[in-house]
Amino acid sequence: MSKDAVDLVTKLSLFSEHWSPKVVARVNDYEIKVVKLEGEFVWHKHEETDELFFVIEGELTIQMRDGDVRVRPGQLFVVPRGVEHCPVADGEVHAMLIEPAGVVNTGDAGGPLTAEYDDSLT
C-alpha cells in the first residue's frame with residue numbers, strides 16, 4: 001500500500017494514447033482509471049455495471065439514445081448499467097473512470113478500440 005497521494009495530472013502526463021484507460025488506484029473491488037479521449041468512441045453498453053466519467057480537462061459529450069449529456073471539467077456523469085452510450089470528445093479530454101475491476105472499455109461492442117488491461121501506473 002502506497003502512502004503517497006495519487007496525482008491524476010501527473011499520471012495523465014505519462015502516456016499519450018487515446019481510449020486506453022490506465023489503472024491508477026484500487027478501492028475494494030473497483031478500479032480508478034485515467035484516460036485520454038479524442039474523437040468519437042463506439043456505441044456500447046455495460047450490462048453488469050454503471051460507468052462513472054469524471055472530466056478533469058476538456059469537454060466530453062456522452063451520447064445516449066434518448067439525449068446527450070455534456071460533461072465539463074470538475075463534473076461527473078454516471079451512465080446507468082445497460083444504457084447504450086457513445087462518448088465523443090471534440091479535442092482532447094482527460095478523464096477519470098471508476099468501475100469494477102475487469103470492465104472492458106468497449107463493453108458489449110468489442111472491436112479495434114478495445115483496450116488492453118493496463119495497471120502499469122499503479
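Is F41 buried or exposed? At 8% relative accessibility, F41 counts as buried, a word used for residues under 20% relative accessible area, with exposed meaning over 50% and partly exposed in between (1.4 Å probe, protein chains only).

The model on display is predicted: local features need pLDDT of at least 70, side-chain atom pairs count only at pLDDT 80 or more, and totals for chains, interfaces and linings use all residues. Residues are numbered from 1 along each chain as its sequence is written, and side-chain values use heavy atoms, with hydrogens and water left out.

A search of the whole structure finds one aromatic pair. W19 and F41 form this pair, which is stacked, at 4.5 Å centre to centre and 20° between the planes. Rings of Phe, Tyr and Trp (its six-membered ring) pair if their centres lie within 6.5 Å; planes under 30 degrees apart count as stacked, over 60 as edge-to-face and the rest as tilted. W19 is in the loop between α1 (8-12) and β1 (22-27), and F41 in the loop between β2 (30-40) and β3 (51-57), so the pair ties together parts 22 residues apart in sequence. W19, at 9% relative accessibility, also counts as buried.

Next, select R65 and W43. The charged end of R65 sits over the ring of W43, 3.7 Å from its centre; this requires CZ of Arg or NZ of Lys within 6 Å of the ring centre and within 35 degrees of the ring normal. Then select K36, which lies over the face of F15 at 5.2 Å from the ring centre.

Finally, move to H94. Leaving aside neighbours within four places in sequence, H94 is in contact (heavy atoms within 4.5 Å) with residues including K36, L12 and F54.

Definitions and conventions
Helices (H or I, at least four residues) and strands (E, at least two) are DSSP runs, numbered from the N terminus.
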